[in-house]
Amino acid sequence: MTPRRTSLPLRTAAIPAAMALTTALAFLPTTATALGRDGHAAAAATADGPSLSYVVNTRPAQDPSRIRKAIAQAGGTVVVSYDRIGVIVVHSANPDFAKTVRKVRGVTSAGNTRTAPLPAQSTDDIDTPKLLSEKQRQAVAVKAKAGQDPLEPLQWDLPAIKADKAHEKSLGSRKVTVGVIDTGVDDTHPDLAPNFDRKASVNCVTGKPDTADGAWRPSAEESPHGTHVAGEIAAAKNGIGVTGVAPGVKVSGIKVSTTAGFFYTEAVVCGFVWAAEHGVDVTNNSYYTDPWYFNCTTDPDQKALVEAVRRASSYAERRGVVNVAAAGNENYDLTSDTITDPSSPNDTTPGDREVDPSVCLDIPTQLPGVVTVASTGAKGLKSSFSNYGLGIIDIAAPGGDSTVYQKPEPPATSGLIYNTLPGGQYGYMAGTSMASPHVAGVAALIKSTHPHASPWQVKALLKAEADDLACPTPYDIDGDGTADAVCEGGKRYNGFYGAGLADALDAVEK
C-alpha cells in the first residue's frame, strides 16, 4: 500500500486499511426563473444540465425570504438554510445557477459542491481493515495486565501518549462529548454503547439533519472508518476489547459521508452546525471535503466551499467546540510553493493540477482555529505518509505506519492502530485519520479536567502540554539513503510535529 491518498476523502493512509464503498444518494432537479442583482426577474432559467448541489453564502442581516426567492427564480430548490451563519444548501439543474445567484444583492459567494451529477459516482477501493482471528485475540487477552482491557496489549499507541498512565488518574468526564464527524458510528458495538451520546448524533449527508433512530450508523456496505475513530477516542474501559484515549467521556456519531464515501460541503456544514448546537465539546474531522483535495480561493465555486465550511467551523468554535482535523496522507509539505494534486475532482475524472497550498486550501484541515494533527508511528517518527509543514501542523499523535518502517515493542505486533469496527469487530487501520482522534481524546481529557475552559484555552493546553519532538536529521524512513521529507523548525516547534506529541497524562494532571 502506498502513502498516497486514493480517491477516498478519508484521512486513512493507503496501508492495509482502506474501505469498501459503493452507491450514494439521489435528488431531483428543479426549474424556475433567475433574478438580476437588483432583485428583478431576468431571463427564464434553464434546467438542461445535471442536477447538482450548491452552497450559497450570504451577507449578515440579509432577508432570507428575498434570497430564497432569488434562488428559486434562478432554478434552485432550497434544501436547508443555516441562517445563523448565512449558508444555504440548494439543488439545481440550471448549469448557470451559481453564476446567476452570485449577481444577487446580498450573496457573497456561491458554488457547486460536486462535479458529478446527483447521485455521485462510487469509488473503486475494495480493501478492508486487517482483522485478527478469535484464536489470535484470545492469545492477546492472556497477555493483558491487571487493569487492562483484553485487547489493550495491541494498543502501543496508548502508552505512546501516556494514556495508560492517565487512566490511573482519570478516564474523563461523562459531561464531555466528542462528535465524530465521519462515515457514521456503530453505537451498538459493546465498546461504544456505554459511552454513546444519542442526543448529539445525527445523519447530515444531505446537508439537512436526519435524527431518525440509527441514522448515524454506517450500513453494511459503508466504510467502518467512523466506528474505528470513535473507539480510539472513547472505547469504554469495561473489560471488553480495547480502550479509548478518553474512555470515560461520551462520543456521538455525526454522519456526513455518502454511501460512496464522499464528504460533500453541505454535509460538513451541517455537521459543524449540529455539533455547535447539541452540546458537543470536541469534533474530530478525519477527512477532506470532496471533491477537491485543495479548494482554490481563486476559483469562484471552490471559494464558496471554503467560505461555507469556514463559517460553520468558526460558528462551532464560537459556541465552545474544539475542532480537530487530520493533516492528510500524501507526505505533502503543505508550505510548498506548489503541490501536484492528481486526485481532484475525485467524484468525476481527476487530473494532475498544480496548486499553491497557501491559496488552495485543504478543508477543514487548513481553516483558522482548527487543530491540525500529523501522524507518528510506533518508533515516534513522522509516519511515512503524513503531511507536514511548519506553521500548518499544530501537534502530532500516533496514527501508525508500516510495520516494516516502525515496528512496535512487544506484546504489540503491528505498527498500525487497533480499534473498534462495526458489528462488534476490531481491526487495524492507519493514517492521520487515526492520529487526529488521539488528539481529540486528549482534548476531551483537558476539557474534563478544566470544564470551563474555552476552545482557545483547550488548544493552548494541548500545545503547552505536548512532549517536544525534534526534527529527525535526516528523515530517511525507508532507509534507502535519501531523505523522504525535510523538517523545518526547532525541538519545541517544527513542521513534522508542531508543538510535539500529545500528552494524555498532563491533560489530567495540569
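## Largest pocket

Helix α4 supplies three residues to the lining of the largest pocket, the largest share of that lining. The helix spans residues 157–160, and α5 (163–166) also gives at least two residues. The model is a predicted one, and the pocket described here holds about 530 Å³ of space.

In total, 25 residues line the largest pocket. Lys145, Gln148, Gln155, Pro159 and Asp164 are those nearest its centre. Sorted by class, the lining consists of eleven nonpolar, eight charged and six polar residues.

## Overall composition

The protein chain contains eleven helices and 20 strands. Of its 510 residues, 61% are buried. Among contacts in the chain with a separation of 6 or more, 76% are between residues 24 or more positions apart.

## Parallel sheet

Seven strands form an open sheet with parallel pairing, in the order β9-β10-β8-β11-β13-β17-β18. The edge positions belong to β9 (202–203) and β18 (395–398); each has a single partner strand, so one side of each has no neighbour in the sheet.

Strand β8 (residues 177–182) runs parallel to strand β10 (residues 250–255), and six bridges join the two. One of the residues in this pairing is Asp182, whose bridge partner in β10 is Lys255. Strand β8 is also joined to β11, by four bridges and again in parallel. Here Gly179 has Thr283 of β11 as its bridge partner.

## Strand β11

Strand β11 covers residues 282–285, and both of its faces are covered. Val282 and Asn284 are buried on one side, while Thr283 and Asn285 are buried on the other. Thr283 is the bridge partner of Gly179, and Asn285 is paired with Ala325 in β13. The link between β11 and strand β13 (residues 322–326) is made by four bridges, with the strands running parallel.

## Nonpolar cores

The largest nonpolar core has 50 residues. Within this core, the residues with the most contacts are Val324, Val371, Val373, Ile395, Val439, Val442 and Leu462. Helix α9 (residues 432–449) contributes nine residues, the most given to this core.

Val439 is one of the residues with the most contacts inside the largest core. With neighbours within four places in sequence left aside, Val439 is in contact with Val324, Val371, Val373, Ile395, Ala396, Ala397, Leu462 and Ala502.

## Tyr264

Tyr264 is located in the loop between β10 and α7 (265–277). The relative accessible area of Tyr264 is 1%, so this residue counts as buried, a class that requires a value under 20%. Tyr264 and Pro291 are separated by 27 residues in sequence, and their C-alpha atoms are 7.1 Å apart in space.

Definitions and conventions
Residues numbered from 1 in each chain as written. Predicted model: local features only at pLDDT ≥ 70, side-chain atom pairs only at ≥ 80, totals over all residues. Heavy atoms only, no water. Core = buried A, V, L, I, M, F, W, Y, C linked by side-chain atoms within 4.5 Å. Buried < 20%, exposed > 50% of the residue type's maximum accessible area, 1.4 Å probe, protein only. Contact = heavy atoms within 4.5 Å. 1 Å grid on protein atoms, 1.4 Å probe; cavity = no way out; pocket = protein on both sides within 12 Å on 5 of 7 lines; lining within 4 Å. Points joined across faces, edges and corners; volume = space filled by probe spheres on them. Nonpolar A, V, L, I, M, F, W, Y, C, P; charged D, E, K, R; others polar. Pairing = 2+ DSSP bridges.
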